[in-house]
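Here is a short briefing to read alongside the model. Keep the 3D view open and look up each residue as you meet its name.

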Amino acid sequence: MTQLVIGDAPLTIDEVIAVARDGAEVTLGAAARERIQAAHDVVAAVIAGEQVAYGVTTGFGQLATTHIPVDKVRELQENLVRSHAVGLGAPLSREVVRAAMTIRLNTMARGHSGVRLSVAEHLAACINADIVPWVPSRGSLGASGDLAPSAHLVLAMMGEGELLTEDGRREPSGPALQAAGLAPVSLEAKEGLSLLNGTQFMAAIGCLAVADGEALLDSADLIGAMSIEGLRASVGPFQERIQLLRPIPGQLETAEHVRRATAGSEIMLSHLNCDKVQDAYSIRCIPQVHGACRDAFRWLREVIEIEIESVTDNPIIFPETGEIISAGNFHGEPLALALDVAAMSFAEIGSMSERRIFRMLSPFLSELPPYLVEDSGLNNGYMIAQYTAAALVAESRVLCHPASVDSIPSSGDQEDHVSMGMTAALKLEEVACNTQTILGIEALCAAQAIDLLAPLEPGVGTRQGYDIVRRLAPKLERDRYLAPEIEAAAAAVRSGAFARVAQGSKE
């Protein structure tokens with residue numbers, strides 16, 4: 001089993017994914033342990049001296065001016081968790097929660113949170129025992145971070161919450177902790193606040209979106225290249241010398257993917273001297289549109305890389321000076337904006353894909369049989385699959401209303417501007433899923449179009465993309481049940497099968 005040392009080196013997106021999806025175990029590094037202890041010593045000194053410090057010996061939010069006696073500090077922290085566990089709706093996936101737990105552990109390892117070492121070790125032990133809290137997906141404003149989701153996580157650590165099992169059931173956390181040999185955690189000064197404040201859940205979704213999104217973008221390039229062949233379009237606009245006249249990084253990368261995929265294509269060679277002057281934008285402008293989406297999405301990676309290695313709880317403790325400073329690193333605006341833009345980029349990929357699907361199905365645009373089936377009329381072919389793609393495009397457009405421009409004040413107007421970053425993250429998940437499905441439909445149609453152009457052979461890369469599809473679905477000779485094939489093709493996009501071909505590796 002792979003083991004990840006937390007706190008001795010910067011945490012990476014790939015490492016978060018390894019814990020979230022591949023079951024990697026975690027352990028706190030020696031330097032992290034020292035930092036955690038040093039920060040806790042500051043909190044212990046505040047309690048011993050009965051000093052006033054926000055969230056340690058005061059209430060929270062609008063109640064920050066309310067002094068809490070030292071003998072009530074534990075009750076204060078546990079009440080905080082219980083009162084904030086008000087999330088509702090479908091649960092976040094196990095992989096999102098495991099990712100959030102890992103990012104939270106790394107935040108504590110930075111040594112500015114003030115929790116006891118035993119609390120950090122408890123969280124690590126829960127990850128390693130695969131104790132995954134049931135965390136409802138709705139309820140976070142993304143302002144003091146992801147308060148409600150984090151509260152459900154901590155409540156499970158306390159033995160009072162629920163867990164999400166591998167088969168999707170919810171069960172009490174207490175018995176599972178006991179079975180794993182873990183006592184429920186008891187919270188001391190500042191620990192509830194340290195475990196609740198922060199952007200860990202929206203950052204967790206962002207981590208997974210980065211991994212899946214880059215595969216989605218690469219898949220779009222390969223599947224788009226398959227459609228170029230199916231439509232017998234020109235690869236002339238993809239020449240490197242053209243791209244270098246407008247050297248936007250994503251544009252250069254996408255054009256290279258298409259050139260590599262179509263290399264050696266008999267289909268492309270078969271119409272070099274045709275009388276067609278130019279292709280529609282959904283074909284000709286693949287580098288410009290896919291590339292722009294690629295560059296927009298790159299911003300999300302940059303933000304997430306910083307965020308998972310940041311301190312986002314509050315107040316922040318500086319052990320070297322003994323200061324406890326209430327600040328705003330928990331505000332999710334940097335993530336909210338990037339997540340919104342990423343959703344827009346995915347929606348644009350889906351929109352372009354649907355247009356290529358439509359062209360392949362329309363004989364007056366493609367010179368292919370109507371709806372990509374030879375005995376059309378009796379058979380409907382892929383006619384209604386395009387309806388599904390269009391419906392998903394429409395849904396994605398609605399979801400692309402930016403959450404980050406919205407704000408509903410809370411906590412007696414103390415928290416008077418919130419990021420809605422979690423809303424942005426959840427929307428991104430849905431748009432990504434829609435776009436993966438649209439690309440799956442395009443792959444099915446493009447493979448069918450390539451079949452209809454036989455015996456002409458596709459290019460080196462597009463042939464591999466075609467083979468992926470044909471392992472999932474045979475050529476469509478007559479109408480059949482297509483929904484399972486669409487789901488399988490979307491799963492191939494999600495798994496990175498097409499992306500690996502676009503990147504130049506053998507499938």
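The second largest pocket holds about 390 Å³ of space. This is a predicted model, in which local features need pLDDT of at least 70, side-chain atom pairs count only at pLDDT 80 or more, and totals for chains, interfaces and linings use all residues. Residues are numbered from 1 along each chain as its sequence is written, and side-chain values use heavy atoms, with hydrogens and water left out.

**The second largest pocket**

- On a 1 Å grid over the protein atoms alone, a pocket is an open set of points where a 1.4 Å probe fits, with protein on both sides within 12 Å along at least five of seven lines; lining residues have an atom within 4 Å of a point.
- A volume is the space filled by probe spheres set on the points, which are joined across faces, edges and corners.
- The lining of this pocket is made of 24 residues, and R21, E95, D212, E429 and A432 are the ones nearest its centre.
- At least two lining residues come from each of β3 (88-91), α4 (94-109), β4 (136-138), α9 (200-230) and α18 (421-452); here helices (H or I, at least four residues) and strands (E, at least two) are DSSP runs numbered from the N terminus.
- The biggest share of the lining, 7 residues, belongs to α18.
- Sorted by class, 13 lining residues are nonpolar, 4 are polar and 7 are charged.
- In this sorting, Ala, Val, Leu, Ile, Met, Phe, Trp, Tyr, Cys and Pro are nonpolar, Asp, Glu, Lys and Arg are charged, and the others, Gly among them, are polar.

**The nonpolar cores**

- In soluble globular proteins, nonpolar side chains tend to be buried together.
- A nonpolar core is a set of buried Ala, Val, Leu, Ile, Met, Phe, Trp, Tyr and Cys residues joined through side-chain atoms within 4.5 Å; buried means under 20% relative accessible area, exposed over 50%, and partly exposed in between (1.4 Å probe, protein chains only).
- The largest core counts 144 residues, and L105 and L300 have the most contacts inside it.
- Helix α18 gives the most to this core, with 18 residues.
- What does L300 touch beyond its neighbours within four places in sequence? L300 is in contact (heavy atoms within 4.5 Å) with G206, A209, V210, A338, L339, A342 and L428.
- A second, separate core has 8 residues, including V56, V73, A189 and I317.

**A buried serine**

- S173 is part of helix α7 (residues 173-179), and S173 counts as buried because its relative accessibility is 0%.
- Leaving out residues up to four places away in sequence, S173 touches L155, A156, G159, E160, G161, E162 and L163.

- Most residues other than glycine have a negative phi, and most peptide bonds are trans.
- The bond from N314 to P315 is cis, with omega near -10 degrees, and P315 sits in the loop between α14 (286-307) and β7 (316-318).
- Another cis bond runs from A454 to P455, with omega near 15 degrees; P455 is in the loop between α18 and α19 (460-472).
- Y371, which is not a glycine, has a positive phi of about 60 degrees. Y371 lies in the loop between α16 (363-366) and α17 (383-399).
- M420 has a positive phi too, near 55 degrees, and is placed in the loop between α17 and α18.
- Is M420 buried or exposed? M420 counts as buried because its relative accessibility is 10%.
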